[in-house]
Amino acid sequence: MKPTYEHLLSPLVVRGHVLKNRMEAANSLPHFLQGPEPYPADSVIAHYANKAKNGAAIVTCMGINNFSRGNQLPMELDIAHFPDYDLYDPTCQNYLLQLADAIHYYDSIACMGFFVGPQSGYPLVEENGLRLVPAHKDVGEYTEETMNEIADSYAEQIKILKFLGFDMCSVHYAYRGQLPGKFLSPLHNQRTDEFGGSTENRARFPLMILQRIREAVGDDFIIELLMSAEEPDGGYTLDDTVTFLKMAEPYLDIVQLRAMDVDAAHPTGFTLEETPFIDYADYIKKSGVDVFISTIGGYQNLDICNEVIKEGQADIIGMARSWISNPNYGALAYEGNQEDVVPCIRCNKCHGRGRNDPFVSVCSVNPIIGLEHCIDRMIEAPKRKQNVAVIGGGPTGMKCAIELHDRGHCVTLYETEDTLGGLIRHADYVDFKWPLRDFKNHLIHQVKKRSIDLRLSTKATPELIEQEGYDVVVAALGAVANTPPIPGIDKNHVIYATEALSDLSNTDLGKNVVVIGGGEVGVEAGMHVAKEGYQTIVLEMRDELAPDTTLIHYREMFEAAWEAIPEFTFKLQANVKEITNNSVVYTDADGREQSVPADSVIISAGMRPLKKEALSFFSTAQYFYMAGDCKRPATVQESMRSAYATASRI
């Protein structure tokens, strides 16, 4: 019988190498999987090996950066936490060999992403090894001698990678972040000599690098180029990209086409299209460029991936977050099993959390990210089958029930409401929360497809649970909206963000809506209400809206989304003093009392864990656990980790 995803799983021969399918685990690394080691640590090797093990034809690693090794960079700086491997140290080379071998063990192509540093420096090779030379202020100040040294440096380092067992390199020219990309871009390159002006001249130095690499590695090594398919106004166009790629054909094998800018290349729920960049691949593919075309940017749905290959819009599907949210993603493709693919919620927390959080690698929907190298040692198989009650049908309760069932236990799931989902049911009504809606629906489907005794519209009480005689009870009651001590908060026109993030089609909030609290949830509530046509103002006591939201590849898109809603406004450093019948009174940054009209008021002041209620179930069974945000307020990521960890101990 043919595989369900016949086209996606079809082999492809590139430079004599057989790619076992068309799925590339694109150049990515949850940034903070290891410390300052100048070699890939066990945690990193396990992360990439798992991608190969589960079906990725190409596994693209990261770690050749040449900017952070040996430098004491500020803790809050993202690049301070990138791995930076030392190609010139034989003891470090040993670990790079181990990384390539682990990928090869599963018959996958070992690729190293080559990202050689920010604008502050470029690697140049001397007799005594690698040194950093500060970059010039703009591309116009690079001499031809320096350009030759840089091109030779690329070539030498990638030749070492080949010597260490890598089959392929992925060279980064995208987003105008690297020097070759700056040379290509009319937005940066204002030179008037043979390296500026026309597309052919601007391409001269980027082509020099690719040519040197090809000369160094020979004909049996795959070279992939990452580049923005086009640039913003004033930059190069899609047709310029075609011109460049035709010149690069002798050196290149694969081009991975990316967005204009780095944030857009990591699409979120604010991007309402699931795969927004397929038109780029389709255009370049139809241009007749003689290189393999890889498309990237939100691909996860296996049916869509298969159709893209079938229709000839691309040759390879590049995916990063798909493999992070699903360590078994490729295995699901081979099984023809789209229904068990865990949707990525596009929170981009795999790049780091909020600006006030420590840098750590997490995934909101995959609780073992960061633990892949040691999770087998942390979990023991259950000693016997037990009857377990899970109280609460929100995301924590659902995930916990799923994992308990899969560990062989008999599970009963109690939910007071007539449907599952808990606090994330709001995703059904908020257009930019569609990735979270898909995840919520996935959890519900996973519960219902299992032999879990689901008791909806049933309020669990300690007496009921004790009477049923369970061996284990897990309380996953969640949290409720917090009520701040504001005079007038009990007025009839005051609601909570948990209520506002709902179907408003039959709701009349009046003309003017005030949201008290400008954290992430408050801003989202304000955006949702404003999109329904209400004049909405968010009052935030801090000096920034949503200061705790994901910083990297998310915050700027979040800001752009709220700025695009004319009815959405906000005031910072606004300390609310009172809610009246038709206004909200606050003091501004200068301590002056101000007032804004309010037909309705939405409160977003955090959540209160149902800790006392959860603890009331202690002693209803021999073993008792609490999971998720009934212990303390939790994100989806924290809830999934808590649910998984709790279930793994039962």
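Me: When do two strands pair, and how many bridges join β18 to strand β25?
Reply: Two strands pair if DSSP finds at least two bridges between them. In this predicted model, β18 and strand β25 (residues 600–603) run parallel. Within this pair, I495 stands opposite I602 in β25. The bridges that join β18 to β25 number 3.

Me: Which strands stand at the edges of the open sheet?
Reply: The sheet is open and has 5 strands, in the order β18-β25-β19-β20-β21, with parallel pairing. From one strand to the next, the twist averages 25°. An edge strand here has a single partner, so one of its sides is left without a neighbour in the sheet. The strands in that position are β18 (494–496) and β21 (568–572).

Me: Which residues of α8 does α7 meet?
Reply: The crossing of α7 past α8 is right-handed. On the α7 side, the contact involves L238, D239, T241, V242 and L245. By class, the contact has 6 nonpolar, 1 polar and 1 charged residues.

Me: How many charged residues are in the contact of α13 with α20?
Reply: Helix α13 (residues 395–406) packs against helix α20 (residues 636–648) at about 30°, their axes 8 Å apart. Among the α13 residues in the contact are K399 and E403. The contact also has 7 nonpolar and 3 polar residues, and the charged ones number 2.

Note on methods. Residues are numbered from 1 along each chain as its sequence is written. This is a predicted model: local features need pLDDT of at least 70, side-chain atom pairs count only at pLDDT 80 or more; totals for chains, interfaces and linings use all residues. Side-chain values use heavy atoms; hydrogens and water are left out. Axes are lines fitted to C-alpha atoms, for helices over the stretch in contact, and angles run from 0 to 180 degrees between N-to-C directions. Helices (H or I, at least four residues) and strands (E, at least two) are DSSP runs, numbered from the N terminus. Contact means heavy atoms within 4.5 Å. Ala, Val, Leu, Ile, Met, Phe, Trp, Tyr, Cys and Pro count as nonpolar, Asp, Glu, Lys and Arg as charged, and the others, Gly among them, as polar. A crossing is left-handed if the near helix is turned anticlockwise from the far one by less than a right angle, and right-handed if clockwise.
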